[in-house]
Amino acid sequence: MVCRNYSPFFSVLNCIFVPQMANLSDIQHALAPDLDALNAIIEQTLHSDTPLMNDIVANYLRTKGKQLRPLLVLLAGRLFGGVNERVLHAGAAIEMLHNASLIHDDVIDQAQNRRSVPTINSVWDNHVAVLVGDFFVTGALRCAVKTGNSTILEALATMGGDLSLGEINQIDNARLHNINEQDYLTTINKKTASLFECCVAVGGLANDAPADDLDALKRYARLMGICFQIKDDIFDYFDDCAVGKPTGNDLREGKVTLPLIHALSQSQHPQHAAMVALASSQQLSAQEIATLVAFAKENGGIDYAYATMKRLKQQADDILGRFPHSETTEMLRSIFDFIIERNN
């Protein structure tokens, strides 16, 4: 049993259902040969005859993060026959597209650090960072072509569009002050969950997975992606240097996420009208952000977010139950557990 110490407002609920944290490093170690081969493809693909680009890319790739997305590609490949060159190139394509989106996000957010390392835009400038992000996209396309599977290309294109549309939806929701759970879930389905789904899709497509089985695994991964974003959003309600962003950063950017959405849905609360009006403000002061954060915590928002992840995890477990028990399915379950219980 694991109890998080983010806040005294956490109820005993969080100590009841959250499983022992999955050991992601064990999964990374078990898949290390394939993950190393995938990363080698990325490095080879992004090598060019331009010294500046090579220096920037090499420095960026030194910090790889958790690499959850390529791990999911590899596990989907294993589930449907094994890891081969098509799976490796599909995984490399996903990882390069994901990193391209992060590089571009850093430009949009004017971020100074990512994974405790200075961002490309902070070391150089936005112009260089956008071009490097574009170069990652072209590398992803080259790897996708090497799979020899047009359906993989189609999946990657659809996912890229969903990521953009999800971000636009989020901007529009903030602009129109759409504060409801359905709009929130629609947005994170596109901006986050679509990438997780695409990971297992391309891993399965590379091995000609049966359509029904692949659809089931895609549903599993989509639920995983939704939980990933909900957990990310929970971080915004607590100070934690490991997360790397201050409390209330989402609210500062006009993003109202699940904990506060739930608290604001309680129309009988005596402060309901005042809190809805505050959450709909164009610009919030530090004190106003602190007020909304406290309101979300004190009115069950964090507990509700955890309960939502628990419900989605149960749905996901039921889906994964259609597959024979194996080391691969256990790794998929462990990654889902890790996503819910991670610290950053």
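# Core packing, aromatic pairs and a buried asparagine

Ile 230 touches Tyr 184, Ile 188, Leu 258, Ala 305, Thr 308, Met 309 and Leu 312, leaving aside residues up to four places away in sequence. The structure is a predicted model. Within its largest nonpolar core, which has 105 residues, Ile 230 is among those that touch the most other members.

**Nonpolar core**
- Besides Ile 230, the members of the largest core that touch the most others are Ile 94, Phe 136, Leu 156, Val 202, Leu 260 and Ile 335.
- In soluble globular proteins, nonpolar side chains tend to be buried together.

**Aromatic pair Phe 80 and Phe 323**
- The ring centres of Phe 80 and Phe 323 are 6.2 Å apart and the ring planes meet at 75°, so this pair is edge-to-face.
- The pair links distant parts of the chain, 243 residues apart: Phe 80 is in the loop between α5 (68-79) and α6 (85-109), and Phe 323 is in the loop between α16 (301-320) and α17 (327-341).
- Phe 80 and Phe 323 are both buried.

**Aromatic pair Phe 196 and Phe 228**
- With ring centres 5.3 Å apart and planes at 45°, Phe 196 and Phe 228 form a tilted pair.
- Phe 196 belongs to helix α10 (residues 181-205) and Phe 228 to helix α11 (residues 211-235), so the pair ties together parts that are 32 residues apart in sequence.
- Phe 196 is buried, at a relative accessible area of 0%, and Phe 228 also counts as buried, at 11% relative accessibility.

**Charges over rings**
- Arg 69 lies over the face of Phe 228, 5.1 Å from the ring centre.
- Lys 313 has its charged end over the ring of Phe 336, at 5.7 Å from the centre of that ring.

**Helix α14**
- In helix α14 (residues 272-279), the buried residues are His 272, Met 275, Leu 278 and Ala 279.
- Viewed down the axis of α14, these buried residues fall within an arc of 130°, so they line one face of the helix.
- The elements covering the buried residues of α14 include α13 (258-264) and α15 (286-298).

**Asn 149**
- Asn 149 is located in the loop between α8 (126-146) and α9 (150-176).
- Asn 149 counts as buried because its relative accessibility is 16%, under the 20% cut-off.
- The side chain of Asn 149 reaches the backbone nitrogen of Thr 151 at 2.8 Å.
- A polar atom of the Asn 149 side chain also lies 3.2 Å from the backbone oxygen of Leu 205.

Note on methods. Residues numbered from 1 in each chain as written. Predicted model: local features only at pLDDT ≥ 70, side-chain atom pairs only at ≥ 80, totals over all residues. Heavy atoms only, no water. Helix = DSSP H or I, 4+ residues; strand = E, 2+ residues; numbered from the N terminus. Buried < 20%, exposed > 50% of the residue type's maximum accessible area, 1.4 Å probe, protein only. Polar contact = N/O pair within 3.5 Å; in protein donor to acceptor, adjacent residues only side chain to side chain. Arc of directions from axis to C-beta. Contact = heavy atoms within 4.5 Å. Core = buried A, V, L, I, M, F, W, Y, C linked by side-chain atoms within 4.5 Å. Phe/Tyr/Trp six-rings, centres within 6.5 Å; stacked < 30°, edge-to-face > 60°. Lys NZ or Arg CZ within 6 Å of the ring centre and 35° of its normal.
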